[in-house]
Amino acid sequence: MTPAPPRLVSRTVEIPDPGALLDRLPDTDSFVWLRDGEGLVGWGRAAQCDAAGEDRFLDASDWWRGVVAAADVADEVRVPGSGLVCFGGFGFSGDPGDSVLAVPRVVVGRRHGVAWLTTTAPEGESAALPDLVTAYDLPAAPVGLTTAQGALSDEEWTAAVADAVARIGAGDLEKVVLARDVVATAAAPVDVRWPLRRLARDYRRCWTFHVDGWFGATPEMLVRRERGLVTSRVLAGTIRRTGDDEHDLALAATLARSSKDLEEHEYAVRSVADALAPYCDSMNLPDAPFVLHLPNVMHLATDVAAVVHDTGAGANALELAAALHPSAAVGGTPTKAAVRLISEVEGMDRGRYAAPVGWMDGSGDGEYGIALRSAHLDGATVRLFAGCGIVADSDPSAELAESEAKLVPVRDALRGE
Ligand SMILES: C=C(O[C@@H]1C=C(C(=O)O)C=C[C@H]1O)C(=O)O
């Protein structure tokens with residue numbers, strides 16, 4: 001049961017350039033969605049819906065529709081992300097599926113150079129007036145970090161990959177994405193603003209996020225809905241970078257021609273296109289993927305675009321995310337068989353790793369990324385996750401190396417300068 005929607009009062013005003021948005025964040029209960037200096041940061045909770053189970057997305061979306069219908073909103077900026085907004089983080093699987101949709105008390109946003117401040121409070125309570133002038137002390141670096149294996153040892157995980165390859169060979173399924181976790185422990189509680197700053201600085205083409213202790217910098221946009229235009233960035237097919245630019249370019253060319261990677265990519269694009277089709281018209285699917293260069297890896301990437309049926313009453317960003325999750329990029333093909341195999345062989349609960357994370361506004365516009373290159377912070381413990389698409393000719397030790405490369409962003413972000 002989701003809670004009855006509260007009546008919220010929300011005010012948005014344009015503000016002078018607030019500088020780096022991450023510098024405005026206090027150290028408690030923050031929400032972050034940033035790419036290349038733009039996006040939203042927030043803190044405090046004016047309202048919250050906890051959801052779980054198979055219906056977690058649609059329960060949360062119904063709650064949000066109720067909140068929006070009851071709210072008193074004045075928004076002088078009127079762009080996607082201004083006015084009333086919620087942040088959401090969702091469980092990967094429906095069991096237990098622990099998820100949240102929360103409305104921050106304060107949001108500071110920037111889009112195309114225009115900045116705004118939104119304050120929201122339950123009716124009858126006065127809104128928090130934030131202090132955007134005081135610079136906070138710089139967050140301290142994590143101290144005394146040690147790293148340990150997660151649910152499976154390296155040997156156990158490569159054995160699970162080999163098992164999955166055999167199942168694919170036997171015709172049980174075509175592709176499955178298997179993930180592993182690694183646990184880092186610091187000597188004192190970690191201030192999430194430290195890794196967030198590093199990720200936002202080093203991974204500018206990714207979306208740096210934080211909701212409820214789940215943070216990371218994802219390169220994969222599950223769905224963006226902006227005034228009725230729907231886009232999705234599909235990734236699948238990966239090569240590690242070597243640090244030698246010339247060699248990396250040659251590797252990128254190999255990636256663009258690799259039949260294993262192209263096949264894996266094709267599954268992922270098809271799953272996104274099929275899932276969006278019932279909600280959208282005029283879909284544009286590029287003929288061939290491009291190579292996305294990130295500091296740690298390169299991916300085959302395809303940007304899918306479409307127009308949502310009936311902008312006003314049509315599916316909102318969260319409902320589209322619900323239709324898309326789990327895509328072949330993080331589940332596999334066919335989805336049901338892949339998700340079953342994941343729960344059989346991974347030996348861990350993914351929590352919110354590889355699930356939708358992002359924000360949505362009162363018009364249903366928003367962005368939900370896939371929570372990859374991510375971790376869960378709980379006090380002094382950080383649990384990092386990474387996974388790989390396994391197909392018929394996957395080599396378990398190469399997949400282990402690929403998962404290590406995908407752990408690099410968060411690992412590096414936790415290091416001191
Ligand atoms: C599962 C992850 O990444 C996904 C798997 C990829 C692959 O197997 O090539 C590439 C990008 C993502 O879709 C991860 O980063 O943990």
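## Close-up views of a ligand and its cavity

**View 1. Arg373 reaches the ligand.** An N or O atom in the side chain of Arg373 is 2.6 Å from an oxygen atom of the ligand. This is a polar contact, meaning here a pair of N or O atoms within 3.5 Å. Taken alone, the ligand exposes 390 Å², and the protein buries 99% of that (accessible areas come from the Shrake-Rupley method with a 1.4 Å probe). Please keep in mind that this is a predicted model, where local features need pLDDT of at least 70 and side-chain atom pairs count only at pLDDT 80 or more, while totals for chains, interfaces and linings use all residues. Residues are numbered from 1 along each chain as its sequence is written, and side-chain values use heavy atoms, with hydrogens and water left out.

**View 2. Meet the shell around the ligand.** The ligand is surrounded by 18 residues, with Glu220, Thr238, Tyr353, Arg373 and Gly387 the closest (a residue is near if one of its heavy atoms lies within 4 Å). The shell divides into 8 nonpolar, 5 polar and 5 charged residues; Gly counts as polar in this grouping, and Asp, Glu, Lys and Arg as charged.

**View 3. The ligand takes up the largest cavity.** The space taken by the ligand is the largest cavity. A cavity is a set of points, on a 1 Å grid over the protein atoms alone, where a 1.4 Å probe fits but cannot get out; lining residues have an atom within 4 Å of a point. A molecule sits in a cavity if more than half of its atoms lie within 2 Å of its grid points. About 200 Å³ of space lies in this cavity (a volume is the space filled by probe spheres set on the points). Its lining has 23 residues, and those closest to its centre include Thr238, Ala329 and Lys406. Which element gives the most to the lining? It is β23, with 5 residues (strands are DSSP runs of E, at least two residues).

**View 4. Two cis peptide bonds are worth a look.** Asp95 and Pro96 are joined by a cis peptide bond, with omega about 0°, and Pro96 lies in the loop between β6 and β7. Most peptide bonds are trans.

Definitions and conventions
Polar contact = N/O pair within 3.5 Å; in protein donor to acceptor, adjacent residues only side chain to side chain. 1 Å grid on protein atoms, 1.4 Å probe; cavity = no way out; pocket = protein on both sides within 12 Å on 5 of 7 lines; lining within 4 Å. Helix = DSSP H or I, 4+ residues; strand = E, 2+ residues; numbered from the N terminus.
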